[in-house]
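Please keep the structure open beside the text as you read.

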Amino acid sequence: HYAQENLSASSNQANQEIASACQVRKERTLIRAAATPAFSILLLIYIGIFLMQSFFPQLWLNHIMAGCALLACLASLKQVRRPTLLLSMLLTGSGFLLMLQGNPQPLDWSRAAIHNASLICLVLTVPLLGSILAFEPYARYLTLITKPYITSPFRLYSAAALLTSALSSLLNLASMHFVHHLLQPRAANCPPALFSQALFRGFMPNVMWSPSYISVAIAIQYSGISWFTLAPVGISLALTGIVWALLLGWFEYGKLAAFSAGEATEKDRPPRPADVDRPAAVRGVWTLLSMILLLISLIVFLEYYTHKSALVLVPLISFTGPMLLSRIYGKSAVYSSQFRQYVTDKLPKAHNEMLLFSAIGFFGYALAGSAFPAQIPLLVSRFGLDTPLKIALLIVGIIILFAAIGIHPMITIAAISSAMPPGSTALSGQQLAGTFLVGYMFYGICSPFSATNLIMASLTAQNPIVAGLRQNGLFALIYVLLALCLLLLLFAAG
């Protein structure tokens, strides 16, 4: 009886401890649930003020936006990864010391805090462009259309690369998930590396020109040119990359035997919508392509007529474009669901971007205002770096070197631009932007720390070094050489 009482008491105590632990977890969940919308709302206010300031500039809006940035960064301190926190603190501390060397006014501190506001807003809003993929079962439509044509490994490689290139021109990283889900059943019949190489090589050329890419935003901001000025160089570099990707794919897989174009298994096949035939699938795909072209055209049209940068217009179109399209195509409920998911799931995960990009901007603004940039032209002349080719090789080499040890090109490019402002060397703004993009492209492929590498490694269950450098190192190296040769021709023409 005594043992039974002890057992009962122990059981009651254990139940109370479990209940207490559950209550604590419930309270923490409620606290996080309350904090998450608050952080999302703060970021939405930040984006809204940025857009308002871009079209109706007022000095006092700088201070309000700087306050929002400060609150968002403070809220992110306990949420970010430790390396991100340490790097952000180092950049902010260095920028603070550089600012104190001058005579900063309150407006200078505010401008330093929001120096990268355009890049932050671009990164935060671009995921909304992917909401148009939820309007229809486009994966099934494309499966019905492409199935008869994918009859060999090289055709699968070409289809994956070209489809990724077309979709990622607007949808960015979301395109890799979409095409992987679409064509993964067919990839089972091919060499293991083929599918990941096709996705990677189809995605990377758009780094050179697409206004929805952070690389293009960085090149525009730190070279001081517009997207229209960059577009001829960027599109030329992108077309070079696509041709090289297809040519290299032919050498690797062009002579492999064809395989049967049979149906995928029921387990792997995307869900079949009711009453979908080939004509309906073709109409659906044309609708998707027309929406992508319309959104890109709208960005270009507004930049031409408003003379605003793509750094302003892409966030604006990211908010308004899919919403207007959902009204046109009767998909308002779908868009509302996607927007709620964006606010409750995607924005609350933006702590790393908010803190790190703000710190990079603060450091870049402080460095540009210091006495250091004035010494760079003298050093460049002293070491004989007085031709566009030498300077381009130097910049690309610096970006690649620092990327190899995990430093994001955005940090390197911000420092280079502050040290060598546009017009201070033999490079024009257009040439400087092209050089930045070449270095960024190599980082995206070969650095195990890049977002594209990490996503590809996750999709294909591979090590990032294998998915990037080992499988695509030759592609990246030759692409850099081809891009530099093309830029050299432009330099010679200029």
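## Aromatic pairs

Let us begin with tryptophan 250, which counts as partly exposed because its relative accessibility is 41%. Please keep in mind that the model is predicted. Tryptophan 250 forms an edge-to-face aromatic pair with phenylalanine 154, with 5.3 Å from centre to centre and 80 degrees between the planes. This pair links distant parts of the chain: phenylalanine 154 belongs to helix 7 (residues 153–171) and tryptophan 250 to helix 11 (residues 227–253), 96 residues apart.

Another edge-to-face pair joins tryptophan 227 and phenylalanine 228, where the centres are 5.7 Å apart and the planes make an angle of 70 degrees. Are these two residues buried or exposed? Tryptophan 227 is buried, since its relative accessibility is 6% and the cut-off for buried is under 20%. Phenylalanine 228, at 32%, counts as partly exposed. Both residues belong to a cluster linked by ring pairs, together with Phe301, Tyr304 and Tyr305. The count of aromatic pairs comes to 17.

## Salt bridges

How many salt bridges does the count give? It comes to 3. In one of them, lysine 331 pairs with glutamate 136, and the closest N and O atoms are 3.1 Å apart. Here, too, distant parts of the chain are linked: lysine 331 sits in the loop between helix 13 (310–328) and helix 14 (332–346), while glutamate 136 sits in the loop between helix 5 (117–125) and helix 6 (138–146), 195 residues apart. Glutamate 136 is partly exposed, with a relative accessible area of 29%.

Arginine 201 and glutamate 252 also meet through their side chains, at 2.8 Å from N to O. Arginine 201 is buried, with a relative accessible area of 1%, whereas glutamate 252 is partly exposed at 31%. Aspartate 345 and lysine 349 form a salt bridge at 3.2 Å, N to O. In that pair, aspartate 345 is partly exposed at 29% and lysine 349 is exposed at 56%.

## The nonpolar core

The largest nonpolar core has 147 residues, and those with the most contacts inside it are Tyr46, Leu119, Ile132, Ile395, Phe436 and Val438. Helix 19 (residues 429–446) supplies the largest share of this core, 11 residues. Which residues does phenylalanine 436 touch, leaving aside those up to four places away in sequence? They are Ala219, Tyr222, Ile395, Ile399, Ile413 and Ile416.

## Surface patch and a buried threonine

Leucine 70 lies in helix 2 (residues 59–76) and counts as exposed because its relative accessibility is 52%.

Threonine 84, in helix 3 (residues 82–100), is buried, with a relative accessible area of 10%. Not counting residues up to four places away in sequence, threonine 84 touches Asn352 and Leu356.

## The whole chain

Stepping back, the chain has 21 helices and 0 strands. Of its 494 residues, 49% count as buried. Among contacts with a separation of 6 or more, 82% are between residues 24 or more positions apart. The accessible surface comes to about 23,200 Å², and carbon and sulfur atoms account for 67% of that area.

Notes: Residues are numbered from 1 along each chain as its sequence is written. Side-chain values use heavy atoms; hydrogens and water are left out. A nonpolar core is a set of buried Ala, Val, Leu, Ile, Met, Phe, Trp, Tyr and Cys residues joined through side-chain atoms within 4.5 Å. Buried means under 20% relative accessible area, exposed over 50%, partly exposed in between (1.4 Å probe, protein chains only). Helices (H or I, at least four residues) and strands (E, at least two) are DSSP runs, numbered from the N terminus. Contact means heavy atoms within 4.5 Å. Accessible areas come from the Shrake-Rupley method with a 1.4 Å probe; for residues, only the protein chains shown count as cover. Rings of Phe, Tyr and Trp (its six-membered ring) pair if their centres lie within 6.5 Å; planes under 30 degrees apart count as stacked, over 60 as edge-to-face and the rest as tilted. A salt bridge is a side-chain nitrogen of Lys or Arg within 4 Å of a carboxyl oxygen of Asp or Glu.
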